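Here's a quick briefing to read alongside the model. Keep the 3D view open and follow the residue names as you go.

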Amino acid sequence: MSRASDAEARRRSALLRLSTGIAAAHDEREVCRAAVDGLHDRDLGYDFVGVFLVDPGTGDRVMQASVGWAGTHEGYRIPTGQGLSERPLKDGEVHYTPKVRREAEHVLAAASGSELDLPLTVDDEVIGVIVVEGAEEDAFGREDLEILTAAARQASLAIGRMRLIEQERRSAEEQRALMDTMRDLSGELELEKLLGALLQRAVKLLGVTGGELAIYDEAHEELVIVAGHEMGADAAGTRMGIGEGAMGHVARTREPLVIPDYQAWNGRSAQYTQDTVQSVVAAPLLIGSRLVGVIAAVHSDPGHAFGREDLRLLELFAPHAAVAIHNADLFTAERRRALEQTALLETLADMAGELELSVVLRDLLVRAAELLNVTGGELAIHDEESGELRIAASHNMGADAVGTTMTQGEGAMGRVAQTMAPLIIPDYLEWRGSTEKYRDGSVRTVMAAPLVIGARLVGVLAVVHSDPRRRFGEEDLGLLKLFATQAAIAIENARLFTEARHREQYFEDLVQNNPVAIVTMDLEFDITSCNPAFEELFGWKEEEILGRNLDQLVNTAESLDEASAYTEEAYEGAVIRGLGKRARRDGTLVDVELAGVPVMVDGEQVGIMGLYHDISDLLRAQEQAQAANQAKSSFLANMSHELRTPLNAILGYSEMLMEEAEEDGNETYVPDLRKIESAGRHLLALINDVLDLSKIEAGKTEIYVESFDVREVVDAVTTTLRPLVEKNGNTLVLQCDEDVCEMESDLTKVRQMLLNLLSNANKFTERGTVTLSVSREYGEDGHWLTFRVQDTGIGMTPEQLGKVFEPFQQAEASTTRRFGGTGLGLAITRRFSRMMGGDVGAESEEGAGATFTLRLPARAPLAPPSPTYPAELT
Amino acid sequence: MRPLRPLTPQNSPELGATQTVTKILLVEDDEMNRDMLSRRLIKRGYDVIIAVDGQEGVDRARSGDFDIILMDMSLPVMDGWTATRTLKDDEATAGIPVIALTAHAMQGDQEKAMNAGCDDFDTKPVDLKRLLGKIEALTGVAD
């Protein structure tokens, strides 16, 4: 082996070390350091080397690493316009200066013999320069040029990779930040976009030909491809089982996988031909130990087999993708929660109201404008009553826009409201529906979407751009719709909230304006609120009694026990009612009707509500009514007494005179005396009936129940009535069933009722028949006695029939004169019969007689303790 | 005023079966009622002594030997309830039955009379037949 080839071998070995050093670097500076160190290697022997990178801000060359240059340091800057090393920055070429001293612009004087300046290039852009100097002139030859060029290329690649990684890291972080801000906005669509971009970068970074990214569907235990890059047919949406293909394998093992030769791999999928996949590297996407997806990169170049280094790079992306997927999961769950919360909005009493809605909408609009990169926007709420749109938020559209209204069909937003469909206007000035207001040049392109809840329009969201070149596309519209959904929900929530608040206000007003004193207490028995009526009734101000014990507050020593018992009952969940006296603040007492009601919230008792109704006026009125009634009763008693005394004389003397006239044989006076007597009797009957009726109406009539034989009573009554019946030329027929037997009732009243019915029937019948039928019925509700009085008299019209049981309602006023009677008998009969648990009814046809039916229970339901003897004279 | 006609079993059928004449004290302040009722009772064979107020009624009851007293309730000087109570409290007169006669026909009037010690109660205007029945029931001269 020649010396030359020996030196060559050492140089190659040195170059390899240089490459390795560069590859091992973790950042740009380390790359630079490795380049300098590698070139300074004794087998290469460059003693004066400096690596500069261009500061993108200033354009300065900034020293990253150097060797052999005394007096300089890392960070040393060479400004634009100075030094020989600027030349490669300008043309991207290697510049060799054999004799430095001949060049005017050189600045460094390290070696000052000869100098090589080599550009560092990433993506065709010069990002730095390697400066190598020699102490002598003409120090470098062709071989040096080759070595140094290779070193510069390696450093360039390394730095390029670093930058791509850094850029990726930054953009991933940006994406994450974006994700965070969009968590309440973005949906699965955005996730796919994000993952697509992520995959694209990974593919570029790895220098591979294609890649795929799949999400793990936990519910189905499958992988779903959400992004594909240069993999032939669009694979998005394809599902794979766990263990199926390279990605399925990774999903199962949760371990990264490198397949240098895919076509030889026994797990390969026939879907991927030699043209598309030669080599595969795949990594699991994990959050902690949870699998959320798999990322894979492929190479179609047969000469390119993946190695561990490629895997390491791929794994750089995995966490970002995993976080993105995880965030999307969180978002979905959160959105579901948000929807649930919307339903529960009414309970969120402290949530934003109308005022805050405008703030929410404005925020929303500004965010939409930012994300869509537009110059302005407006958000209008649809007023369902008027059908108009009212601008609720405006962003960079002029100060006075908020509050202005538009009709449906007016302008872009009006059009959207009308059609309920999104609208993109590429050139607003050319648009037929444009309005003058926006023709000042600030609006050149427009995109608007309806805000919809269900099928109901709640508003319109519009964004504009002042540059006509801004074209809105499907993606923009998709994003706008996301904001539209948010805005619609916010408006709807505000509406629901306002409704709830109105309802709350309504009930609050109901309590505040209620004439009933209302007070509420918590479970500690402490007062929590009271209404103005309570303040007025008891003389306390609400703020004075909050936290105090109600029972102690409004009770005297006498009423405290009773009140506490009420309170306890209400606390146990009972609704209590009562009457009593309660003390005002000044110690005076007030009569109240009170109620205690447990206060329930969601089925749980949270307190008790007390209601007090001042009934002193009522009680006073009641006392007055009682006094008036008393006065009426005593008036009736007195009147009855005063009328009876002279009547006693009239009746007594006329009877006496009749007797004497008959005895004397002087019968001339008898008919006239009889008229006096008869008129007196009628007057007496009238007095008795009025007295009866007033007693009934005063509730003073009592039922005295005794046992008696029905037949006997009926016989007695018919015997009494017979002379009267015969006087009218009538026949009285009695049909009494054998089984009528006894009844337990008020004998006196039964007799009175039968007399009333029979005399009534007789009164309106001449030369006819009055029939009394008595029968006993055996019903499920006990035995009943039916007394039917039927006549063949003049009968009644339906109108007369309808009023026959009302007091002083003889069929006609004239009939009273013609037929006599007080006009109270039937009214009294009906009242008596009902008091005894029965009733009386009538059937009749004019001119065809009448039938009165009295039904009474064989056993009267009332059994008053003390026997009474109501005045009864006939 | 017509003279009272002599009392005989012939013109007084009610007395037909009786051996002795029932002696009635009628306490009544209203002149017409007093006159009318006393004449009708006398006509039916009763011996009727008159008192015009409660106090006189008590006094006469103590001095005479009455089979029964017909007592109005609304009386001057001493009302009928007091008079009855006085008589019933006095051993000498407690045994004489008292029928309250009153135009007070309201609920409770009867109870009030019975509580004062009356043995029976009747309302004005008087139904003579019914009153006679009550008198006979209390004096034990029926049939």
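Predicted model: local features only at pLDDT ≥ 70, side-chain atom pairs only at ≥ 80, totals over all residues.

Residues are numbered from 1 along each chain as its sequence is written, chains are lettered from A and ligands numbered from 1 in the order in which they are written, and side-chain values use heavy atoms, with hydrogens and water left out.

**The helix pair in chain B**

- Helix α1 (residues 31-43) and helix α5 (residues 128-139) of chain B have axes that come within 12 Å and cross at roughly 65 degrees. Axes here are lines fitted to C-alpha atoms, for helices over the stretch in contact, and angles run from 0 to 180 degrees between N-to-C directions.
- On the α1(B) side you'll find B:Leu37, B:Arg40 and B:Leu41, which meet B:Leu128, B:Leu131, B:Leu132 and B:Ile135 of α5(B); contact means heavy atoms within 4.5 Å.
- Sorted by class, that contact has 6 nonpolar, no polar and 1 charged residues. (Ala, Val, Leu, Ile, Met, Phe, Trp, Tyr, Cys and Pro count as nonpolar, Asp, Glu, Lys and Arg as charged, and the others, Gly among them, as polar.)

**The sheet in chain B**

- Chain B has 5 helices and 5 strands, and from the N terminus on they run β-α-β-α-β-α-β-α-β-α. Helices (H or I, at least four residues) and strands (E, at least two) are DSSP runs, numbered from the N terminus.
- The open sheet of 5 strands goes β2-β1-β3-β4-β5 (chain B), with parallel pairing; two strands pair if DSSP finds at least two bridges between them.
- β2 (47-51) and β5 (120-123) of chain B sit at the edges with a single partner strand each, so one side of each has no neighbour in the sheet.
- From one strand to the next, the twist averages 20 degrees.
- Strand β4 (residues 98-102) of chain B pairs with β5(B) in the parallel sense over 4 bridges, and B:Ile99 has B:Asp120 as its bridge partner in β5(B).
- Helix α3 (residues 80-89) of chain B packs on the sheet, touching β3 (68-72) and β4 of chain B, and its direction makes about 155 degrees with that of β3(B).
- Helix α4 (residues 109-116) of chain B lies across β4 and β5 of chain B, at about 145 degrees to β5(B).

**Over in chain A**

- Strand β12 (residues 290-299) of chain A has 9 of its 10 residues buried, so the rest of the structure largely encloses it. (Buried means under 20% relative accessible area, exposed over 50%, partly exposed in between, with a 1.4 Å probe and protein chains only.)
- Strand β11 (residues 279-287) of chain A runs antiparallel to β12(A), joined by 9 bridges, with A:Leu286 opposite A:Leu291.
- In the hairpin of β11(A) and β12(A), 2 residues lie between the strands, and A:Gly288 takes a positive phi near 65 degrees.
- Strand β7 (residues 210-217) of chain A also pairs with β12(A), antiparallel over 6 bridges, and A:Gly210 stands opposite A:Val298.
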